[in-house]
Amino acid sequence: MATILAVDDSASMRQMVAFTLKGAGHTVTEAADGQAALDLAKRQKFDLVLSDVNMPRMDGITLARELRALPSFKFVPILMLTTEGGMNKKQEGKAAGATGWIVKPFNPEQLLATIKRVMG
Amino acid sequence: MSIDMEQFKTTFIEESLEGLDIMESVLLEMQPGEAEADEVDNIFRAAHSIKGGSATFGFQDITQFTHVVETLLDQVRSGQRAVTQEAIDLFLQSVDIVRDMLASAQEGFDIDQAQVAAVQAGLERMLNSTPASEPAAATPSDDGATDEHEHGTSGEAAAPAGGGWAITFKPFPDMLRSGNDVVRLFRELAELGEFRAEADLSAMPALVDMAPEEACISWQVTLRGEIPREAVAEIFEWVDDECELTIHPLDEAAALTPVTAAEPETTAVAEAPVVQAAPPAAERRSSERRKSRSAGAESSSIRVSIDKVDALINMVGELVITQSMLSQLGEDLTLDKVERLKDGLSELERNTRELQENVMSIRMLPISFAFNRFPRMAHDLSSKLGKQVELKMSGEQTELDKTVMEKIGDPLVHLVRNAIDHGIEAPEARRAAGKAETGTVHLNAYHQGGNILIEIRDDGAGLDRERILAKAVERGLIGASEGAGLSDAAVYAFLFEPGFSTAAVVSDVSGRGVGMDVVKRNITALGGAIDVQSSPGEGSTFTIRLPLTLAILDGQLVRVGEQTFIVPLVSIIESLQMEQGRVNAIAGAAELYKLREDYLPIIRLYDAFDLRPDSTNLTDGLLVVVEGNGRQAGLLVDDLLGQQQVVIKSLETNFKKVEGLSGATILGDGTVALIVDIGGIIQLSQGGGQTRAGSAAA
């Protein structure tokens with residue numbers, strides 16, 4: 001099972017994501033914004049990063065760019081959690097190095113299905 | 001796997017309320033025409049999170065409503081829309097609406113749909129009004145070219161029966177750098193049908209030149225089976241701008257030349273302005289939610305700063321070290337080690353004390369939690385009343401127990417409202433009095449001793465002594481001639497009498513029944529006190545004094561027979577030995593003790609609690625003079641013991657409510673001591689004396 005870094009400034013979203021993933025047997029570390037996630041990523045290796053886009057301090061797109069610059073995160077899947085209208089955010093995310101995205105709102109089943117897509 | 005979304009809703013509601021508070025405070029500071037990027041970002045982010053969360057957790061009404069707000073804010077953020085006063089007001093109203101929606105979701109009452117509709121109409125009018133150039137150019141321009149190559153959907157959209165798809169897939173060299181992986185894509189394709197891939201190695205460089213991080217192989221994939229095109233497109237959704245991709249029905253594949261892939265059709269759906277379907281949990285939300293939280297405004301969870309938690313963990317660490325040191329010492333304790341044992345024990349004492357202090361501090365929150373609503377209130381009230389009011393706040397970081405905080409909110413609202421409504425004069429009146437047209441209301445909080453003091457100070461007209469006196473006479477509180485002799489403090493104290501309002505005109509804002517008596521009662525219930533100072537023409541100051549926490553009490557231990565009671569130190573005025581000559585027994589009623597000029601009712605605690613005292617003789621015992629609920633009395637006890645801080649344990653939760661007692665505590669020697677409810681016991685004794693206080697006390 002995978003070690004997953006879940007980044008969102010909304011505590012309820014983090015709770016939901018973490019609860020779902022833990023229920024599926026993954027190990028989850030939470031971060032409340034991009035900067036906190038980046039600090040964690042510099043000390044620890046993760047198999048997957050799930051990140052919200054709009055966050056204080058450091059947004060998800062900058063986080064993706066910064067993570068890709070770390071040697072240990074060159075190929076680690078990074079999924080952005082975006083809202084349905086955010087087509088340009090998806091493109092921006094991709095340009096910054098994100099692997100893909102999950103469209104909000106999603107339910108736990110959809111989240112797990114997407115994770116399965118990435119992790120196999 | 002099914003997960004109940006209910007459990008996250010509480011967190012969602014709490015964080016959304018915080019988000020709304022942020023929106024509100026930013027909006028209140030915002031001036032038309034000059035929005036700072038930071039400010040707008042902040043409110044946009046809050047609205048965005050609320051919308052996202054509400055959609056996820058099944059609050060469609062909130063999603064729909066905030067969607068419009070978010071769109072408008074996004075236009076402001078991207079500079080397409082100017083910030084007008086109208087927009088600020090609309091956003092503020094929207095904050096109220098969403099707050100109501102959250103409260104209704106939480107507590108299950110109905111919200112004012114007419115008001116929602118009105119604000120929503122206002123928002124939509126605004127959305128349609130100014131030509132906020134619709135973000136048609138939202139897709140990055142470099143993608144523009146591929147968008148033109150929209151696939152003809154007619155022939156291809158339907159899956160050819162029994163057919164399949166021919167896919168040419170040529171990853172750009174950088175594709176792997178986005179964390180995407182050809183193997184993963186193929187694995188997914190293989191799940192859809194019969195999968196076969198041929199690699200085209202022509203672009204592969206010699207081994208020495210090969211960059212392992214770059215994709216260099218192209219693929220011809222045949223996928224057989226009855227598979228919708230969307231399913232195939234979806235698998236390539238994340239990489240379609242990082243590769244050349246063609247997807248054709250198998251039978252036509254040979255005839256067609258490769259074309260660069262366009263957006264998969266799915267995005268057309270995503271961009272349409274539809275309200276998304278609710279997550280499955282939505283249906284069962286209302287009934288369960290109501291159960292999960294009581295209607296009371298006191299929330300049961302608490303936000304604690306991470307620093308406090310870290311400090312606790314640190315201290316527990318130290319405690320563990322001390323403990324292990326002591327247990328090592330204990331294994332082979334010899335007399336020469338007694339010094340070290342003493343050191344260890346004093347270390348343990350220090351650890352315990354620090355831990356106690358820090359655990360208590362977890363319940364403490366900065367008073368800004370209670371103050372935060374006032375800027376908005378002052379803003380709304382003053383414009384409603386046609387006054388100019390500046391609200392100043394200081395000491396917002398002063399910490400206060402969470403329970404106290406929740407209960408002090410309403411009294412504070414009342415006092416601030418009064419200050420603006422009755423205290424501050426209209427601009428003309430202020431000008432006539434030679435004052436600045438803008439009045440000031442100053443909220444200040446600070447610590448003093450074991451108390452927290454909250455001041456509400458206005459620079460308005462001050463209290464009208466004559467009018468208060470006239471009203472007091474009218475209500476029969478004093479005789480017509482008594483007024484002149486009273487001190488200002490005594491006159492102002494009438495304000496806290498039930499039903500006492502001096503407002504000449506009962507305005508829409510205040511003077512609607514809930515009076516200052518309720519304010520005082522609430523504060524007293526918290527073990528606090530309120531007093532007033534005022535000078536005509538210069539303004540008034542209401543000062544609230546509250547204990548820092550409700551969980552710990554400074555107590556005076558007193559002994560009655562075998563039993564130890566605790567009298568809250570704040571209620572004690574003095575203690576004395578009685579002289580027989582000053583005792584007056586009134587037949588059939590209470591005994592009174594003449595203390596200086598006053599007569600104090602004597603309450604024999606042993607009698608109230610049905611105990612056997614050392615002596616029933618008044619002069620053998622001690623009289624503890626106490627005050628509660630504005631009345632004084634003397635408690636007869638056998639002896640005064642020490643003073644100490646005690647942790648209050650509720651009798652109601654552990655036993656049952658006992659009249660005359662407010663709780664219990666466990667003393668250092670393990671015995672239980674009962675805490676005397678001063679207000680309650682005075683009430684009991686003056687109710688005629690026939691009611692015995694809890695006979696369960698022994």
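**Reading salt bridges, across chains and within one**

Student: Which residue of chain A does the side chain of B:E242 meet in a salt bridge?

Tutor: Side chains of opposite charge can pair when their charged atoms come close. In this predicted model, the side chain of B:E242 meets that of A:K94, with 2.6 Å from N to O.

Student: How many salt bridges does the rule find across the interface of chain A and chain B?

Tutor: The rule finds three there. For polar contacts, the count between the two chains is 15 residue pairs.

Student: Which elements of chain A give two or more residues to the side that touches chain B?

Tutor: They are helix 1 (11–23), strand 4 (78–83), helix 4 (87–96), strand 5 (100–104) and helix 5 (108–119) of chain A. Helix 1 of chain A gives the most, with eight residues. By residue class, the side of chain A that touches chain B divides into 20 nonpolar, 15 polar and seven charged.

Student: And what area is buried between chain A and chain B?

Tutor: About 3800 Å², of which carbon and sulfur atoms give 56%. The contact takes 42 residues from chain A and 45 residues from chain B.

Student: Let's turn to salt bridges within a chain. How many salt bridges are there over all chains?

Tutor: The count comes to 38. One of them is between B:D96 and B:R376, at 2.8 Å from N to O. This pair links distant parts of the chain: B:D96 is in helix 4 (residues 85–107) of chain B and B:R376 in helix 15 (residues 374–385) of chain B, 280 residues apart.

Student: Are B:D96 and B:R376 buried or exposed?

Tutor: B:R376 is buried, with a relative accessible area of 8%, while B:D96 is partly exposed at 27%.

Student: By how much of a helical turn are B:K402 and B:E406 separated?

Tutor: About one turn, because these residues are four apart in helix 16 (residues 402–423) of chain B. B:K402 counts as buried because its relative accessibility, 11%, is under 20%. B:E406, at 28%, counts as partly exposed.

Student: Where do B:E591 and B:R604 lie?

Tutor: The two form a salt bridge, with their closest N and O atoms 2.7 Å apart. B:E591 lies in strand 16 (residues 591–595) of chain B and B:R604 in strand 17 (residues 598–604) of chain B, so the pair ties together parts 13 residues apart in sequence. B:R604 is buried, at 17% relative accessible area.

Student: Which residues do salt bridges that share partners join into one network?

Tutor: B:D21, B:E24, B:D96, B:R99, B:R376 and B:D380.

Note on methods: Residues numbered from 1 in each chain as written. Chains lettered and ligands numbered in written order. Predicted model: local features only at pLDDT ≥ 70, side-chain atom pairs only at ≥ 80, totals over all residues. Heavy atoms only, no water. Contact = heavy atoms within 4.5 Å. Buried area = accessible area lost by both parts, 1.4 Å probe. Salt bridge = Lys/Arg side-chain N within 4 Å of Asp/Glu carboxyl O. Polar contact = N/O pair within 3.5 Å; in protein donor to acceptor, adjacent residues only side chain to side chain. Nonpolar A, V, L, I, M, F, W, Y, C, P; charged D, E, K, R; others polar. Buried < 20%, exposed > 50% of the residue type's maximum accessible area, 1.4 Å probe, protein only.
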